[in-house]
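Here are a few notes to go with the model you are looking at. Please keep the sequence and the structure open side by side as you read.

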Amino acid sequence: MSDVAVAQPPDEEPKRKILRVAAWIVGTLLLLAILHVAGIDVLGWFEELWSTLTEISIGYIILGCIFQGLQTVLTALGWYGILRYAYPGGVTYMPVLAAYATGVALNNFVPANMGTFVMLLMFLAIVQGATFPGVLGGYAVQKIFYLIIGTLIYLYLFSQVAGSFEFQFGNERDAISNHPVLTLGIIAGAIFLIALLLRVFWAWVKKMWAKATQGAAILGDLRAYLKWVLLPQMGGYAAKVMVIVVFLAAYGIPVTFGSIMSVLGSNQLANLLSFTPGGIGVNQAFNSFALESYTDSTTATAYSLGQQLVTTAFNVGLAILLVCIVFGWQGGSKLVKDSYADAKVKKDEMGAERRDKREAKREAHRGEGRRGLMRVFRRGDDEPDGT
């Protein structure tokens with residue numbers, strides 16, 4: 001792991017944090033005051049919400065935590081299968097489980113799934129011979145199952161909305177069919193730009209691809225993939241569904257195929273828009289909308305908050321326990337801190353690379369446009385003036 005240190009003035013950072021907290025408090029109080037003046041009973045809503053949050057029994061909480069732990073254990077087993085196949089003898093299961101549990105726990109507190117970046121960099125530290133492109137290749141393999149199951153869920157939800165598959169192309173198809181030369185020109189230009197970018201970055205692409213394919217090596221052995229990746233992932237996803245079932249039942253929300261699919265679909269959308277730590281607020285909004293056909297908004301919000309609070313507390317406790325057991329408190333805390341610091345740096349570097357690629361694409365497009373204009377001018381100079 002690289003040693004990343006950010007130099008800051010000693011007094012500036014604490015002041016900034018205090019001002020940020022004060023701004024949040026003042027803003028929240030102002031919002032509550034405005035809502036109260038507008039005649040909205042915010043205090044009554046919070047009282048009703050708290051009552052709904054605390055009405056479930058301890059049995060549901062224990063059962064939900066069991067399934068949440070099972071989900072973590074099985075999903076980490078799938079990751080272990082990927083990494084073990086890519087780097088034989090380079091890792092054992094318990095460090096992978098601890099790293100995965102840490103990533104899951106951190107995603108409840110950091111925005112934009114930064115915990116996943118931390119997990120990948122922890123894998124880079126604990127797996128002998130691993131490279132970052134290789135770990136990213138393993139991440140792509142790990143996402144195959146979730147991409148398929150997520151697509152099936154969305155297709156089911158769309159099928160439940162009348163007229164979802166009755167869209168007819170109109171002006172768009174006419175515009176394409178009426179201008180075939182322009183359409184072919186656009187396609188040819190796009191192919192040219194892609195070929196130009198590949199030529200510019202080809203050496204880098206080949207180098208990164210070779211490392212990435214090592215991380216995705218298990219895809220070359222279908223039997224190993226089914227046994228060590230797909231089956232554990234299916235078991236982990238089944239446990240995830242059971243967590244939803246337990247908490248839906250705990251809050252008296254009908255447990256049906258439709259309600260479960262609605263929650264799964266809304267959680268996936270919320271995860272895509274997870275700009276807040278743990279997706280707090282986003283999850284509740286999506287869940288309330290998804291469950292409006294099954295219960296009232298207060299109960300739906302209480303269900304979403306209750307499930308998130310319980311699972312977050314469990315995830316944090318499990319991650320701390322595993323890190324202490326596997327790495328020791330001092331070594332584990334250093335590993336997590338270094339991985340988090342490196343994750344922020346790596347994310348910035350990837351953002352800079354994307355900006356450089358976009359700039360190279362724009363420059364190539366501008367160069368092609370200039371060459372096209374020069375050809376037009378040359379043709380104009382070569383043609384007789386007609387006098």
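Is phenylalanine 257 buried or exposed? Phenylalanine 257 counts as exposed, because its relative accessibility is 54%. The terms work like this: buried means under 20% relative accessible area, exposed means over 50%, and partly exposed is what lies in between, with a 1.4 Å probe and protein chains only.

1. **Ground rules.** This is a predicted model, in which local features need pLDDT of at least 70 and side-chain atom pairs count only at pLDDT 80 or more, while totals for chains, interfaces and linings use all residues. Residues are numbered from 1 along each chain as its sequence is written, and side-chain values use heavy atoms, with hydrogens and water left out.

2. **Overall make-up.** The chain has 13 helices and 0 strands. Helices (H or I, at least four residues) and strands (E, at least two) are DSSP runs, numbered from the N terminus. Of the 387 residues in the chain, 37% count as buried.

3. **Aromatic pairs.** The count comes to 8 aromatic pairs. Rings of Phe, Tyr and Trp (its six-membered ring) pair if their centres lie within 6.5 Å; planes under 30 degrees apart are stacked, over 60 edge-to-face, and the rest tilted. One of the pairs is phenylalanine 145 with tyrosine 237, edge-to-face at 5.8 Å centre to centre and 85° between the planes. Phenylalanine 145 belongs to helix H6 (residues 132-159) and tyrosine 237 to helix H9 (residues 222-250), so this pair ties together parts that are 92 residues apart in sequence. Both phenylalanine 145 and tyrosine 237 are buried.

4. **Back to phenylalanine 257.** The ring of phenylalanine 257 pairs with that of tyrosine 156: the centres are 5.1 Å apart and the planes stand at 80°, so the pair is edge-to-face. Tyrosine 156 lies in helix H6 and phenylalanine 257 in helix H10 (residues 257-272), so parts that are 101 residues apart in sequence are tied together. Tyrosine 156 is partly exposed, with a relative accessible area of 24%.

5. Trp79, Phe123 and Tyr139 make up one aromatic cluster. Elsewhere, arginine 84 places its charged end over the ring of tryptophan 228, 4.0 Å from the ring centre. A charge sits over a ring if NZ of Lys or CZ of Arg is within 6 Å of the ring centre and within 35 degrees of the ring normal.

6. **A nonpolar surface patch.** Which residues form a nonpolar patch on the surface? They are Ile58, Ile62, Leu63 and Ile66, with about 390 Å² of accessible area together. Patches are made of residues with over 30% relative accessible area and no salt bridge; like charges are joined within 9 Å and nonpolar side chains (Val, Leu, Ile, Met, Phe, Trp, Tyr) within 5 Å. A salt bridge is a side-chain nitrogen of Lys or Arg within 4 Å of a carboxyl oxygen of Asp or Glu. Accessible areas come from the Shrake-Rupley method with a 1.4 Å probe, and for residues only the protein chains shown count as cover. Isoleucine 58 is in helix H3 (residues 58-86) and counts as exposed, at 58% relative accessibility.

7. **Cysteines.** How many disulfides does a search of the whole structure find? The search finds 0 disulfides, a disulfide being a pair of cysteine sulfur atoms within 2.5 Å. Cysteine 65 is buried at 18% relative accessibility, whereas cysteine 324 is partly exposed, with a relative accessible area of 32%.

8. **Contacts across the sequence.** Glycine 138, in helix H6, is buried at 1% relative accessibility. Threonine 295 sits in the loop between helix H11 (282-290) and helix H12 (297-327), and is buried with a relative accessible area of 17%. Threonine 295 and proline 254 are 8.1 Å apart, C-alpha to C-alpha, and 41 residues apart in sequence.
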